Amino acid sequence: MRSSRLLVTGAALTVVLGGAGLAVADTTAAPGDGVAVRAAGEFDFSRPETVATNLQAPWGMAFLPDGSALVAERDTARVVQIRPGQSPQQVATISGVSPGGEAGLLGLAVSPSYASDRYVYAYFTSASDNRIVRFRLDAPQTQTPILTGLARANFHDGGRIAFGPDGMLYAGVGDAGQTANSQNPSSRNGKILRMRPDGSAPPDNPTAGSLVYSMGHRNVQGLAWDAQGRLYASEFGQNSWDEVNYIVPGGNYGWPTVEGQGNDPRFRNPIVTWTTAEASPSGATIDGNMLFVAALRGTRLWQVPLNGSGGVSGSPIARLTGQYGRLRTVERAPDGSLWVATSNRDGRGSPAATDDRILRFPPLDATPPPTTRPPTSSPTPSLPPTVPPTTTPPATTTPPPSGGACTATYRQTNQWQGGFQAEVTVRNTSTGTLNGWTVRWTFGNGQTITQLWSGTLTASGSSVTVRNVSWNGTLSPNASATFGFTGSWNGTNNPPGELTCTSP
């Protein structure tokens, strides 16, 4: 953080190293370094698939269990559902949206319990405030506010919402142009908020009865968690420095006292800063040890290597520079691909004929990911971390090939007390096209699946069968598809010893 707000004219990039410098393409970690990731950030940026066109300033994006995406249009208040190979379908219009400047229909989030409660959440600017509502796609006209009264403005409304791995809903709220809000603990503006799904304050928040999780923010628009439950946020600066911060409970990030790097012990420094011309960072997502940040004014996608301890392990890389104009949102899809939304019809861009677009970039995974190494230690912030590190996830298992035509690789990506998240990658090992696949395994410790996406689940006791859905069943030779799920466990959570993959 930096107290000066001098206009920077160069294209300098400042990175604060949180550990030893490593090559960005490093795929393994030395024992004891705390990294529990596979080689990640490996996307084929030369093979974009356009999954939607002619959108109007798309902003929020969230995936449903079936692998389709919900996308919010800022100025029209529409929510559209997007599937590769199909035209966008309008599924809701959010009532009460008052667009203008940067305000309007902003973030979307899908309930982690969507299979049972069917809730979708939306953050938007009304005529009097910023607020969060929830609704169901089968009754979109019934929208229930869970949080109201956030100060609104034409600028600095924040707007990103996302469920963390702890099941809590997080919201980046801008300072609404009133910089004093950010350092006022009684104001919910200029903050990252953490709440239960009904909008109430969790008992383990930094201040009892308060939704405030961190403060001293100007305009957070990106929220992303790594596999260990650490939260990172991208934030717009003023004249000099945009930034990425590692968020700890109760942390103060300095705005408006400082911008960028600083030496004030009251405030936490960012882990990355960019000049405002290089970034204006909005949406963010993490794949393994890589943080991706969509840049508006910078017209690029930043790829930031994380070190697994709340810092960075090398210099960020600029992807897609100038190719698609302003980039608003980036999300990792359930199938392992990376989806990016342009924002050239937001009043500040130069739209192409088919803008705005949603682009899909496939993963580069010609070989299965390496075994995940569990961390040897957990971070110890003064307040509870986002996900209590009560147990260490078991190592990934890569079962031997089965069935001849395809293989299935199981990888646990996160674990917390009583719950876990995992993904399975199906690969076509034959010389011909695979038309459909089925994966089977048996849990050995009584685990149960609570929610699954990008596949069709059949479970009987500890026996699990997952079949492809319509859009990911056809695989060319060596191509792959990924489905994921969350589950519950009690006592022991060992990965299944063997998976079988068969094709009709």
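**Close-up views of the disulfide and aromatic contacts**

The structure holds one disulfide (a pair of cysteine sulfur atoms within 2.5 Å). The model is predicted, so local features need pLDDT of at least 70 and side-chain atom pairs count only at pLDDT 80 or more, whereas totals for chains, interfaces and linings use all residues. Residues are numbered from 1 along each chain as its sequence is written, and side-chain values use heavy atoms, with hydrogens and water left out.

**View 1. The disulfide of Cys406 and Cys501.** The two sulfur atoms of Cys406 and Cys501 are joined at an S to S distance of 2.0 Å. The link is left-handed, with -105° about the S-S bond. Strands (E, at least two residues) are DSSP runs, numbered from the N terminus. Cys406 counts as buried at 1% relative accessibility, and Cys501 counts as buried at 1% as well. Buried means under 20% relative accessible area (1.4 Å probe, protein chains only).

**View 2. The aromatic pair of Tyr324 and Phe361.** A search of the whole structure finds 20 aromatic pairs; rings of Phe, Tyr and Trp (its six-membered ring) pair if their centres lie within 6.5 Å. In one of them, the ring centres of Tyr324 and Phe361 are 6.4 Å apart and the planes stand at 65°, so the pair is edge-to-face (planes over 60 degrees apart). Tyr324 lies in the loop between β22 (317-319) and β23 (327-332), and Phe361 in strand β25 (residues 358-361), 37 residues apart. Both Tyr324 and Phe361 are buried.

View 3. The rings of Tyr410 and Trp441 form an edge-to-face pair, with centres 6.3 Å apart and planes at 75°. This pair links distant parts of the chain, namely Tyr410 in strand β26 and Trp441 in strand β29 (residues 438-442), 31 residues apart. Tyr410 is buried at a relative accessible area of 1%, and Trp441 is buried at 3%. One aromatic cluster is formed by Tyr410, Phe420, Trp437, Trp441, Phe443, Phe483 and Phe485.

**View 4. Arginine charges over aromatic rings.** The charged end of Arg134 sits over the ring of Tyr119, at 4.1 Å from the ring centre. The ring of Trp255 has the charged end of Arg218 over it, 5.4 Å from the centre. A charge sits over a ring if NZ of Lys or CZ of Arg is within 6 Å of the ring centre and within 35 degrees of the ring normal.

How values were computed. Buried < 20%, exposed > 50% of the residue type's maximum accessible area, 1.4 Å probe, protein only. Phe/Tyr/Trp six-rings, centres within 6.5 Å; stacked < 30°, edge-to-face > 60°. Helix = DSSP H or I, 4+ residues; strand = E, 2+ residues; numbered from the N terminus.
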